[in-house]
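I opened a new page for this one. Here is what I looked up, entry by entry.

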Amino acid sequence: MELKVENMFDLPRPLVIAGPCSAETEQQVLHTACELSKFGVKVFRAGVWKPRTMPGHFEGVGSVGLSWLRRVACKTGMAVMTEVANAHHVEACLEAGIHGLWIGARTTSNPFAVQEIADALRGTDVALLVKNPVSPELALWIGALERLQRAGIGRLAAVHRGFPSYADTQFRNMPHWDIPIELRRRCPELPLLCDPSHMGGRRELITTLCQQAMDLGADGLMVECHCHPERAWSDARQQITPEQLQQILKNLVIRSPQQGLMDIDLLRKQIDECDEQIMELLAKRMDLSREIGVYKKKNNMTVLQTDRYQQMLTQRVGLGHSLQLDDALVEHLFALIHEESVRRQMEYFANGQ
Ligand code: PEP
Ligand code: MN
C-alpha cells in the first residue's frame, strides 16, 4: 500500500529518509529501495537533478529518474522524495506524483529560486524539506522557510546538513549546532531533521552524527544509502549500505525531551538560580564601570584603555582555565562584557548620563 503524503511527518520519530545521493540506473534505485524497505525505512530519497559545485561532474539522470521513483512507490509502498531547484523541476515532480521534495543547500541560499519554487508549489500539499543554506546564516534559512509558508505550503520541515568552512576540519560541512538550536528556539513547531551524510562527508562519521542529532532532539535523519557505495556516481565517500544503516538505527539511543522530568526540574531550578546570580553580578559590574566612566571623563582619560583590557582578558582566561572553562568561551564572554562597558561609557561621555 502506498504511504499517504500527509502521513510522512506523522511517522514515529525519528523519521528516517534514506536513499542514494543520485538516481543512477533504474536497477540501482530499485535494488537500494527494496533493501531499505526490507529494513523498515518508509521514505526513500534519490536526487535526479544534481546541483554540482564543479562542472563536468555527474548532474543527474533528469526526469526519467522520476518514473523510477514512481516504481519504487508502487513496488515498496514507500513515500518517495527528490530535490528541486526551480519551477520546472517542481512541475515535473507534481506531474509524476512524487510525494515529497527538498530544496538543497545551494538553492536555499538563493531567494529568487526559493520564491520561484514557492510559487510553483502554491495550492499543493506536497511535503517539502528545506536544507540549511551554504552560508551559516540563520536568517537566510528562516527567510526561505517563510517564503514557502507564505505560499501556503503547510507540510514543511528543515534539514540541517552543515556549513562549508575553509578551516581544515574532520567534517565536509561544519555542524555549527548552535544554528539548528536557535532555529528550534524560534520555530519550535517546525520538524527538524539532520543530514549526517553531507555533514560528515565520510561514512565513518555517520554513526556519531546520527547519535548527536538524536541527543539534541532532532525529529529525523536523512541518510545517503547506496547498494554499492564505493561505486556511487556522486558522494561515494559518504554513502553507506542499507545494512549499515540498519545497524546504525538499531544502536541509536532515542532520547525524549520529556523523560526524567523530576530530576531535570530540580537541576533546572539550580541553573535558574545560577543565571540570576550571574545577572545580578553583571548589573553590579556595569554600575562599577559607570563609576569608572565618571572618573575617566573628569580626569580627561580615554574610554578605551587597551593595556587594561588586554590584562583583564589574560587574567580572566587564566582563571577560566583553572576552573575548567573553555578559553574561547571566556575570551568571548569578557570581550562582550567589555564592549558593553565601553558602549555605556561612550554614551556617558557624549550625554553625561
Ligand atoms: C543531496 O542531498 O544530495 C544534496 C545535494 O544535498 P545538499 O544540498 O545538502 O548539498
Ligand atoms: Mn549527496
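This is a predicted model: local features need pLDDT of at least 70, side-chain atom pairs count only at pLDDT 80 or more; totals for chains, interfaces and linings use all residues.

Before anything else I noted how helices are set: they are DSSP runs of H or I with at least four residues, strands are runs of E with at least two, and both are numbered from the N terminus.

Residues are numbered from 1 along each chain as its sequence is written, and side-chain values use heavy atoms, with hydrogens and water left out.

**Helix 13.** Just past its end, I found glycine 352 with a positive phi of about 70°.

I looked up the donors (N, O and S atoms within 2.8 Å of the metal, or 3.2 Å for Na, K and Ca; water is not among the atoms, so sites may look incomplete). The manganese ion (ligand 2) is held by Cys21 (SG), His198 (NE2), Glu224 (OE) and Asp235 (OD), at 2.1 to 2.4 Å. Histidine 198 sits in helix 8 (residues 196-200) and glutamate 224 in strand 8 (residues 220-224), so this pair ties together parts 26 residues apart in sequence.

**Ligand 1.** I then went through polar contacts of ligand 1, meaning pairs of N or O atoms within 3.5 Å. One of its oxygen atoms is 2.8 Å from a polar backbone atom of alanine 105. A polar side-chain atom of histidine 198 is 3.4 Å from an oxygen atom of ligand 1.

Methods: Chains are lettered from A and ligands numbered from 1 in the order in which they are written. A polar contact is a pair of N or O atoms within 3.5 Å; within protein, one must be able to donate a hydrogen and the other to accept it, and residues adjacent in sequence count only if both atoms are side-chain atoms.
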